[in-house]
Amino acid sequence: MTIAGPRDFQGNPVTPGLPVAMLAEVTHRCPLSCPYCSNPVELTRADAEMPAALWAGVFAQAAALGVLQTHVSGGEPASRRDLADIVRGARDAGLYVNLITSGLGLTLARLRDLEAAGVDHVQLSLQGVGRTAADRIGGMQGSWDRKMQVARWIAEIGFPLTINAVVHRQNLDTLPQMIDLALAMGARRIEVATVQFHGWADLNRRALMPTREQAAQARRVVDAARAALRGRMVIDYVPADHHARFPKACMGGWGSTGLNVTPDGTVLPCHAAQTIPGLTFANVRDTPLAAIWHESPAFNAFRGTAWMPEPCQSCERKTLDFGGCRCQAMAMAGQAAATDPVCSRSPLNPAVHARADADAAAPTDELIHRRMAREEAPRP
Amino acid sequence: MTAQPLPALVPGPDPAAAAVPVPTAAAPCDDAGFVAPPADPALDAGMIPFLPRGVRLARDHVRDMAILQAPERAMQLDAVGEAILTALDGRPLGAIVADLAARYAAPADQIDADVRAFLQGLIDRRMVFVRAP
């Protein structure tokens with residue numbers, strides 16, 4: 001049977017829009033080993049990474065497709081020696097370049113090279129406040145001191161700076177200090193993002209799940225800081241959706257405005273999409289980006305609203321939150337098309353809350369840090 | 001006049017709520033030793049609004065529209081928004097308003113209110129900075 005035009009996974013016709021942003025995960029390598037890393041549990045090894053020349057072609061295709069900005073990320077993008085070449089490729093394509101970094105591996109000379117290559121803005125991650133806490137979460141002695149040095153260099157060069165603070169049970173109580181630090185560093189914006197419990201973070205949910213009281217207090221801190229810092233620093237807050245009434249509008253809707261290219265060139269609607277069985281993700285080395293965006297079954301699978309089951313189908317919020325996160329639905333409900341179980345209208349919601357409360361009360365702070373498979377195997 | 005955020009690059013609305021202890025940069029944290037830069041002056045007729053580093057006007061050729069590119073944000077601009085931001089060339093707000101009022105043959109009071117509201121929205125997003133002459 002052949003049906004012309006893009007269809008969702010049920011065969012309903014869909015109308016793809018145009019992407020605005022592209023996440024370029026140029027490597028999965030990273031000197032840190034944060035226990036909530038958004039990279040997949042099966043990490044791509046260095047020898048499978050696309051060279052800078054191939055990335056340049058991807059950026060050019062992305063710009064022609066409608067992408068306006070790229071987030072050059074990883075892993076730690078500075079783990080690539082040719083990072084400046086990659087950035088140059090993105091700027092040559094006309095894209096706005098956000099560098100998403102932990103700071104580890106950057107020197108003043110490298111930052112100046114990246115400035116010359118065209119980095120527009122730097123987003124620096126924050127694992128915690130202070131040497132002890134930050135080094136423990138990042139899994140690297142000395143990482144805090146090096147990050148603080150990089151922050152000084154960023155200010156010296158004058159890059160616009162965003163601080164990305166990933167928060168969880170073990171650091172959420174220090175949120176006021178995180179906001180203070182970002183302000184002191186001269187950041188224009190701080191993004192306070194609660195750990196999303198996929199992949200590595202899911203392995204650590206008993207050690208990282210915030211308590212309800214922490215989530216409520218974080219909301220109060222954010223609201224007060226926003227009022228006090230209006231016009232000085234923007235505060236974006238991604239709350240713990242396990243405690244919310246409605247799910248987050250994941251990716252603004254599947255395949256609607258963003259795409260993610262992995263180190264080896266696989267193109268995904270979001271960084272966790274490979275956790276959904278049955279979807280096949282094309283590689284930009286084999287297939288043009290526009291064809292992947294407009295025509296691939298994986299990108300079309302959950303576009304539009306026709307595929308939605310109840311209670312989403314008759315819900316007035318279906319075009320606001322798109323039924324939440326497909327990967328979370330897969331992980332918790334066993335079906336990617338199900339209503340995201342963090343939604344209060346999902347039949348699974350009471351169980352989600354019970355599990356989140358149990359995880360939040362778990363008597364452990366022990367962390368499983370991310371690592372490459374076979375990393376500890378003896379070298380020949 | 002509007003600056004509409006393009007969807008993927010801007011988070012959703014966040015409800016406001018109660019008062020709690022407010023973070024300030026007065027108490028430096030740990031031993032990092034940073035000193036917060038001063039706040040910008042308030043937007044006033046004599047002050048100079050400007051696009052800071054990392055924020056620039058651009059053309060979206062695929063969608064055929066004017067946009068403002070900023071850190072992790074892209075905003076769609078209408079003709080009036082584009083005209084205001086193009087006028088940010090180092091002059092104080094008062095001169096910019098007078099110029100736009102003359103160009104669009106509109107009452108200066110109304111232009112002044114519109115321009116201030118537009119710029120304040122971008123100041124609150126840290127996409128426009130303000131400095132003294």
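Predicted model: local features only at pLDDT ≥ 70, side-chain atom pairs only at ≥ 80, totals over all residues.

In what order do the strands of the open sheet in chain A run? I read β7-β6-β5-β4-β3-β2-β1-β8-β9 for its nine strands, and the pairing is mixed. The edges are β7 (234–238) and β9 (267–268) of chain A. Each of these two has a single partner strand, so one side of each has no neighbour in the sheet.

Strand β2 (residues 69–73) of chain A runs parallel to strand β3 (residues 96–101) of chain A, and four bridges join them. Across this pair, I found His71(A) opposite Asn98(A) in β3(A).

I also checked what covers the β7 end. Helix α9 (residues 212–228) of chain A lies across β5 (161–167), β6 (189–194) and β7 of chain A. Relative to β7(A), the helix runs at about 160 degrees.

**Entry: a helix pair in chain A**
Two numbers go down for any packed pair: the angle between the axes and the distance between the axes. The crossing of α3(A) past α5(A) is right-handed. Which residues make the contact? From α3(A) I list Leu108(A), Leu111(A), Arg112(A) and Glu115(A), and from α5(A) Trp153(A), Ile154(A) and Ile157(A). Sorted by type, the contact of α3(A) with α5(A) holds five nonpolar residues, two charged and no polar.

**Entry: cis peptides in chain A**
Gly74(A) to Gly75(A) is a cis peptide bond, with omega near 10 degrees. I located Gly75(A) in the loop between β2 and α2 (83–92) of chain A. Glu310(A) and Pro311(A) are also joined by a cis bond, at an omega of about 5 degrees. Pro311(A) sits in the loop between α11 (297–300) and α12 (318–321) of chain A.

**Entry: chain B overview**
I counted three helices and six strands in chain B. Of the 133 residues in chain B, 29% are buried. I also looked at contacts in chain B between residues at least 6 apart in sequence, and 63% of them join residues at least 24 apart.

**Entry: a helix pair in chain B**
Helix α2 (residues 93–104) and helix α3 (residues 108–124) of chain B pack at about 125 degrees, with axes 9 Å apart. That angle makes α2(B) oblique to α3(B). I logged this crossing of α2(B) and α3(B) as right-handed. On the α2(B) side the contact has Ile96(B), Val97(B), Ala98(B), Leu100(B) and Ala101(B), and they meet Ala108(B), Ile111(B), Asp112(B) and Val115(B) of α3(B). The tally for α2(B) with α3(B) is eight nonpolar, one charged and no polar.

**Entry: positive phi in chain B**
Ala105(B) has phi near 45 degrees, positive in a residue other than glycine, and belongs to the loop between α2 and α3 of chain B. Is Ala105(B) buried or exposed? I call Ala105(B) exposed, because 6 other C-beta atoms lie within 10 Å.

Arg126(B), not a glycine either, has a positive phi of about 60 degrees. I placed Arg126(B) in the loop between α3 and β6 (129–131) of chain B. Arg126(B) has 23 other C-beta atoms within 10 Å, so I wrote down buried.

Key:
Residues numbered from 1 in each chain as written. Chains lettered and ligands numbered in written order. Axes fitted to C-alpha atoms, helices over the stretch in contact; angles between N-to-C directions. Parallel < 35°, antiparallel > 145°, perpendicular 65-115°, else oblique. Left-handed = near helix turned anticlockwise from the far one by under 90°. Contact = placed C-beta atoms within 7 Å. Nonpolar A, V, L, I, M, F, W, Y, C, P; charged D, E, K, R; others polar. Buried ≥ 20, exposed ≤ 12 C-beta atoms within 10 Å, placed from the backbone. Pairing = 2+ DSSP bridges.
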